[in-house]
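This report walks through one protein structure for a reader who is new to the subject. Please keep the sequence and the model open while reading, and look up each residue as it is named.

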Amino acid sequence: MSETTGLAEPNTQADAPDFSGWTCPAPLRDQPRVVMGHGGGGALSSELVQHIFAPAFGGDLLAGLADSAALTLGGTRLAFSTDSFVVRPLFFPGGSIGDLAVNGTVNDLAMSGARAAYLSCGFILEEGVEVPLVSRVAEALGAAARAAGVEVATGDTKVVEAGRGDGIYLNTAGIGLIPEGVDIRPQRAVPGDVVIVSGAIGVHGVAVMSVRDGLEFGVEVESDCAALGGLVEAMLAVTPDLHVLRDPTRGGLAAALNEIAVAATVGVVLREKAVPVPPPVANACAVLGLDPMYVANEGKLVAFVPRAHADAVLAAMREHPLGAEAAIIGECVETHPGMVVARTGLGGTRVVDLPVGEQLPRIC
């Protein structure tokens, strides 16, 4: 303490901002080191891909920046995708890292209209993790694969030193067949398309947070983690002309819609009151100061559908267990290309921007 003022003397080093462990919002774009927000599915993630990975890898397939790449191999159209899972904790209400590892990749394939066929699975284990815990995760992964109708065809195991991991990380890659006449990708959104979401948003992110760090919201929320292949097949049975499908995982509904708007150079207008947000999720987000639009989901999809087919597609979705709460939430427009806006319940309009990073890190 200062003897002259009674106030603490400034300590330049101690008072300097400590960016370690920061997520967002934060002025991190010029950071020389990776921060958590780079894995959040928002603007930081996009910059990492566009400025580091895509130029380094080259090739045209990456330019689509879709959930999976559409390939033609031997005259057959295939979808190919990979994803990594670092969720904490490993088990949460409604699912586990094993469920996520299967459903996440199956859904990435489904967003191209593909029926998933085979998966690979990589376990990265931290030295000291209990073998029974590894077994529980493996059992959960196997059960999820059987439920999704896919086979784990190959895999890999690595072990890192104690203190260099977080128990168990998983990676899955998948391959599936794209039906004849199906062409689903973000660039196909056009003005006039109707925007449909398959159900309540924000559920998975809140479910994981409810068992993290002692947070309680009064009502248990279970993750919506599920494989969406069957729901997509029901939609394609109505029409193969679905323009865009996207599962709004990291960055939530807001990130997914912004990515589509930019890819297709179109505007998106939402009716905010039409976006289904269950009361427990709304209450939890209010407590945490979060916007449900930005909270990750793991069993929902958003679809851009030609207006002529929208009612029939919506009806088919509502007949499927995973689309029972499907709702039309907006439309694609010519104005403000590359931007998503929401019409509020009070008659105003607000911009739903791309998040910088992730509101809730390590939830998928």
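## Strand S10 and its partners

In this predicted model, strand S10 and strand S13, the latter made of residues 340–343, pair in the parallel sense over 4 bridges. One of the residues involved is Arg 271, whose bridge partner in S13 is Arg 343. S10 is also joined to strand S12, which covers residues 327–333, and here 4 bridges link two strands that run antiparallel. In that pairing, Gly 267 stands opposite Val 333 of S12.

## The chain as a whole

The protein chain has 9 helices and 14 strands, and 48% of its 364 residues count as buried. When contacts with a separation of 6 or more are considered, 83% of them in the protein chain are between residues 24 or more positions apart.

## Nonpolar cores

The largest nonpolar core has 64 residues, and those with the most contacts inside it are Phe 123, Ile 168, Met 235, Leu 245 and Leu 301. Helix H3 gives the largest share of this core, namely 7 residues. A second, separate core has 25 residues, including Ala 254, Tyr 294, Cys 332 and Ala 342.

## The cavity

How many cavities of 30 Å³ or more does the count give? The count comes to 1, and about 50 Å³ of space lies in the largest cavity.

Sorted by class, the lining of the largest cavity has 6 nonpolar, 2 polar and 4 charged residues.

## The second largest pocket

The second largest pocket has a volume of about 230 Å³. It is lined by 17 residues, of which Arg 115, Ala 116, Gly 229, Gly 230 and Glu 233 are the closest to its centre. The elements that each give two or more residues to this lining are helix H3 (97–110), strand S5 (115–126), helix H4 (131–148) and helix H6 (229–238).

Which element gives the largest share of the lining of this pocket? That share, 5 residues, comes from H6. By class, the lining of the second largest pocket has 11 nonpolar, 4 polar and 2 charged residues.

## Leu 322 in its loop

Leu 322 lies in the loop between helix H9 (307–319) and S12. Why is Leu 322 classed as partly exposed? Its relative accessible area is 29%, and this value falls between the limits of 20% and 50%, so Leu 322 counts as neither buried nor exposed.

Once residues up to four places away in sequence are set aside, Leu 322 touches Ser 198, Ala 226, Ala 227, Leu 228 and Leu 231. Leu 322 and Ala 227 are 95 residues apart along the chain, while their C-alpha atoms are separated by 8.9 Å.

Notes. Residues are numbered from 1 along each chain as its sequence is written. This is a predicted model: local features need pLDDT of at least 70, side-chain atom pairs count only at pLDDT 80 or more; totals for chains, interfaces and linings use all residues. Side-chain values use heavy atoms; hydrogens and water are left out. On a 1 Å grid over the protein atoms alone, a cavity is a set of points where a 1.4 Å probe fits but cannot get out, and a pocket is an open set with protein on both sides within 12 Å along at least five of seven lines; lining residues have an atom within 4 Å of a point. Grid points are joined across faces, edges and corners, and a volume is the space filled by probe spheres set on the points. Ala, Val, Leu, Ile, Met, Phe, Trp, Tyr, Cys and Pro count as nonpolar, Asp, Glu, Lys and Arg as charged, and the others, Gly among them, as polar. Two strands pair if DSSP finds at least two bridges between them. Buried means under 20% relative accessible area, exposed over 50%, partly exposed in between (1.4 Å probe, protein chains only). Contact means heavy atoms within 4.5 Å. A nonpolar core is a set of buried Ala, Val, Leu, Ile, Met, Phe, Trp, Tyr and Cys residues joined through side-chain atoms within 4.5 Å.
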